[in-house]
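Here are my notes on this one, point by point. Have the viewer open while you read.

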Amino acid sequence: MSSQSVLVIGGGIAGIQASIDLANMGLQVYLVERTPSIGGRMAQLDKTFPTNDCSMCILAPKMIECAGHDNVHLLTYSEVDEVRGEAGDFKVTVRGKPRYIDLAKCTGCGECTEKCPRRVPDEFNMGLDKRKAIYMPFPQAVPRKMTIDAENCLYFAKGGCRVCEETCQAGAIDFEQQEEVLELEVGAIVIATGFDPYDPAALKEYGYGEIENAITGLEYERLICASGPTEGHLRRPSDGKVPQVIAFIQCVGSRDVNYKSYCSSVCCMHATKEAILANEHYPALRSFIFYTDMRAVGKQFQEYSIRAKDEYNVSYIRSRPGRITVDEQSSNPIVWYDETVFGEAGDSVRRVASKEVELVILCQALVPRGVHREMAENLGLELDESGFLAIQDRLACPVDTSVPGIFACGFCQSPQDIPDSVVQASAAAARVAELLSPNSRKPGDA
Amino acid sequence: MPKTRVGVFVCHCGNNIGGVVRVPEVVEDARHLPNVVCVEDNLYTCSEEGLSSIKEQIAEQNLSRVVVASCTPRTHEPLFKEACEEAGLNRYLFEFVNIREHCSWVHRHDPARATEKAKELVRMGVAKARYLEPQEEFESEVFPAALVVGGGVAGMTAALSLANQGIQVYVVEREEKLGGLVRELRTLFPTEQDTGELLSPLMEQVRGHPQITVYLGSEVENVEGFIGDFQVTVGSDGQNSELQVGTVIVATGAQELRPSGMYGYSTLPNVVTQLEFEESFKSGADLPPNVVMINCVGARVPERTYCGRFCCSTAIKNAIWLKEQDPDAKVSVLHRDVMAYGVDIEDSYRGAMELGVRFLRYDIQNPPQVLGAKRAEAVKVQHQLMGKEVILPADLVVLTTPLVPREDSERLSKMLKVPLGTEGFFLEAHLKLRPIEFSTDGIYVCGSARYPSSIPESVSQAYAAAAKAGIPIRDGSVRVEAITVFCDERTCSACGNCVEVCPFGAVELEEGKFGRIASVSVAQCKGCGCCVAACPSGAMQQRGFDDRQLLSMIGALAEGMVSGGGR
């Protein structure tokens, strides 16, 4: 009989959903997550389209349900090193990186974080503020435990400090902790490694990194979020001023044969949501969304973008801007674009136009996670031309990779939004259940 | 009887509550309420720290009731109830007070009054908690079989997946053949495979699988029961079969909109829909040299606001096919936005342009016009990017229309007691995180019955539905939340109001100890409370919401008002 255990790689919403479904099927699930907490990209979002549900509020119960399930074995801060074997009988080596924290003792109280003298850019907040070298990535983290980031910890750099050790009343700090290597036997593998934002600095014309008031979509998401670095106040980087006119530029690196030729699928609605949120925070605020095609293709999406126009002061301009310059005095970005649609600007001519705004949000392409290529190589998986995990039979088996017994769901296999990822996660669970079902009878069986 | 000991936990929810409501004041207020023996505040009560604190206090303070004042029970109630249970307290001795959605979020500009309101809400919660009673949840067996309504690609995939998990499946298909809407297509997007390459093996496996029974030319006539025990009547030519199943998957698909009266459709012979175009050229008829396709016909308009999601893909697929058959053919696609989301569709869109397919953008305020009296001869369109009128010769005009709900969706939705959305498609439990489940347990949806979906999307949803529908069957039993209604036999006058108002068919009149009375089927009762409100004699009482509990809440609020808001 096949092993009744499953390895899930990636603890974002897809990996979480796949784990919950598999665990509810009675299978043993090993959920491996690279970072200290599960939650993934969805944890970084403020609200979600088209319902404006608070992202963390709908995600957190899932995270807790997943981690608390008797059949789920959560392996955070861990990576898959090697996979051998075949469908029904894989041998997996998982490497648990040392957190330098005794998880059984740590209460997550946060005293150590307060005292830690080392401040480093906070990746959860897209580097917009600082965290400490001993930290919890976000307040709802699961597990709710600290991690010492050895790369930045003063003790590991210079041998001194150890302030956290003195502070911790639970005695949870363990600088001697070693890497742990785990050997697992699983019958199937589900991959859900998600996406990274593409670095828009590659598109010189938009000046990302040089123009202070040009930020990315995910950075904006942290700024507008009540639990973000500005507690939801939309303060622009140059002077902390709240902008009254903002612009979103779509397809930054997407749908462009020079960068990523595919459409990232979620950015049209993402920008629409962000523009709606801005107006909810500041009722006089105006947004301009520079788009190529407004791909509002999901349930209630058209209605959402109609509401954006009618109720939230959002204007859509069909154009891919060629350049952003800056007004030196005000630090305002000026977006230069070609009016591609006759009559959109209210007159009957088309021209090269410019719009001075106070903040520009670059909705960059979304790409498979950086670690994804190496993982694919380790597992012997094929990638498609765009770098996503290749699917053998898109029509009949849309979550089956090129290796039998290994399934892929969510953004790692094609650009998609949260509901589609959740669907694929459950679909992958069904495929695993079919593979491992002890009483499965296929046609032709006696 | 030992004294009731109430513990109150007030959550800051980071800044969500704490940024508006002055939590320490709420805590202080709660300390003085009757029966309250401990009050705590937490940054996040839902965190592991918050939950362990609840458990610790139950043990240390010997709490007999727990009140959490935080966010919404919709997401967090199970969590707190479980914490109570883990500490040995019956999960129904827990009371939830929502001071976020009901208070801090809606009064964020008035912290002082929001704080007073939070105090009042907590007082009401504590008052009710004192009258809570322990409850036992009803448990019932799950019959080990599933019903799939619809034998298209989604239905067949779901059935096969369940059967391959070792579960008995019944497939009910209205038509005489399996295959659904896809059967009418010529080739499939994005792989350009012939339809048969997907359908034939699927149909063969479904027909040959020992655990699948297919009912062709049949319809679901009636459904009674609840998760674990649905009794289904399947009718075919006046013959009825009775099935018993534990779970149900709706995979009834959708149909192409036939746009009567638009762009000469149904009056001009050479104006057809995409599906008709595919059907008519299946047999290798002569291809017209000039083809104009018009997208968004009957979609994204005030009377039908939604986008058909994959109609653009269909137009792209058919345009490419035309150019491949005849590279000299002139093929134009008039569109409003090209919905080529993702990798495959965008690739095909670019491929179509490289093959010479012309894409012209039009404005819905100034839509294209089909010219010609007896036949369509040309299409006149205001080219939005060129700013001028263009006349395109047309031997054939193909209208790209969205899928619309099947006419019998409403009948099925009533039988299954699951809702339809405003567009007429089946409405899932939650758009974001429960896309293929209904609020009603044990019933799931996949494919275009939920919303127009491409084949890969429908198939993914079908597998997902099979995962969900298989879980209760594997478990073998389900539990029902004990918020159900019971009837006090002594006061019931058997008027039948409750029977009439119950949306779930859970109440019946029957002979009881004191004559005719209302009787509630616990397994079917969802705890909506309609019958309680309709009952003129106060005989219908809901567990966790009985008269004494609710009146105590009102009393607590009124007491505060009399004493001027403060204590």
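1. Two strands pair here if DSSP finds at least two bridges between them. Strands are DSSP runs of E with at least two residues, helices are runs of H or I with at least four, and both are numbered from the N terminus.

2. Before going further, the ground rules: this is a predicted model, where local features need pLDDT of at least 70 and side-chain atom pairs count only at pLDDT 80 or more, while totals for chains, interfaces and linings use all residues. Residues are numbered from 1 along each chain as its sequence is written, and chains are lettered from A and ligands numbered from 1 in the order in which they are written.

3. S6(B) and S7(B) belong to an open sheet of five strands in chain B, ordered S8-S7-S6-S12-S23 with parallel pairing. At the edges stand S8 (212–215) and S23 (443–445) of chain B, each with a single partner strand, so one side of each has no neighbour in the sheet. From one strand to the next the twist averages 20°.

4. Now two helices of chain B. H6 (residues 153–164) and H7 (residues 195–208) pack at an angle of about 45°, with their axes 10 Å apart; axes are lines fitted to C-alpha atoms, for helices over the stretch in contact, and angles run from 0 to 180 degrees between N-to-C directions. H6(B) and H7(B) are therefore oblique to each other (under 35 degrees counts as roughly parallel, over 145 as roughly antiparallel, 65 to 115 as roughly perpendicular and the rest as oblique).

5. Who touches whom there? From H6(B), Val153(B), Met156(B), Ala159(B) and Leu160(B) meet Leu202(B), Met203(B), Gln205(B) and Val206(B) of H7(B). Contact means that the C-beta atoms, placed from the backbone, lie within 7 Å. The residues of this contact split into seven nonpolar, one polar and no charged (nonpolar: Ala, Val, Leu, Ile, Met, Phe, Trp, Tyr, Cys and Pro; charged: Asp, Glu, Lys and Arg; polar: the others, Gly among them).

6. Over in chain A, have a look at strand S22 (residues 359–364). Six of its six residues are buried, so S22(A) is largely enclosed by the rest of the structure. Buried means 20 or more other C-beta atoms within 10 Å of the residue's own, with C-beta atoms placed from the backbone. Leu359(A), Ile361(A) and Cys363(A) point one way from the strand, and Val360(A), Leu362(A) and Gln364(A) the other way.

7. What pairs with S22(A)? Ile361(A) is the bridge partner of Ile215(A) and of Phe248(A).

8. Then the interface: 69 residues of chain A are in contact with 62 residues of chain B. On the chain A side, the largest share, 12 residues, comes from H10(A). By class, that side has 33 nonpolar, 20 polar and 16 charged residues.

9. Finally, chain B overall. Its secondary structure comes to 15 helices and 28 strands, and 51% of its 567 residues count as buried. The C-alpha trace spans about 90 × 60 × 45 Å along its principal axes.

Notes
Contact = placed C-beta atoms within 7 Å. Buried ≥ 20, exposed ≤ 12 C-beta atoms within 10 Å, placed from the backbone.
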